[in-house]
Amino acid sequence: ADGGRWEAEARRLPEMRFTPREAFAAPTKRVAFAEAAWQVSAELLCPYPPGIPAVVPGEVLTNAALDALTAVLGAGGTVTGASDSTLSSLLVLDLD
């Protein structure tokens, strides 16, 4: 009976291109925040509040995730795990 609901929830899950372990060992590059959409994150990005990871290494960075991170910063919050605390740039996997 709940099959349709679970399928809808699964479609909203982020796309994991690599496992966090694979992402940790992969080569990385720094890109401007504005160019990070649809690239694969090399960082664990955890907005505070609420303190729950929004992006994990190996996950594709979506516009929605990036918008949420900037909203937290704009409201006076922080993003832990980011190598650049201002979010001017992000570390992504170097897939070239």
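Predicted model: local features only at pLDDT ≥ 70, side-chain atom pairs only at ≥ 80, totals over all residues.
Reader: In which strand does Val 31 lie?

Author: Strands (E, at least two residues) are DSSP runs, numbered from the N terminus. Val 31 belongs to E1, residues 28–32, while Ser 89 is placed in E4, residues 89–93.

Reader: How many bridges join E1 to E4?

Author: Two strands pair if DSSP finds at least two bridges between them. Here five bridges join E1 to E4, and the two run antiparallel. Within this pairing, Val 31 stands opposite Leu 90 of E4.

Reader: Is Val 31 buried or exposed?

Author: Buried means under 20% relative accessible area, exposed over 50%, and partly exposed in between (1.4 Å probe, protein chains only). Val 31 is buried, at 9%, and Ser 89 is also buried, at 11%. Four of the five residues of E4 are buried, so this strand is largely enclosed by the rest of the structure.

Reader: Which residues does Val 31 touch?

Author: Contact means heavy atoms within 4.5 Å. Leaving out residues up to four places away in sequence, Val 31 touches Ala 36, Gln 39, Ser 88, Ser 89, Leu 90 and Val 92. The C-alpha atoms of Val 31 and Ser 89 are separated by 5.4 Å, although these residues are 58 apart along the chain.

Conventions: Residues numbered from 1 in each chain as written. Heavy atoms only, no water.
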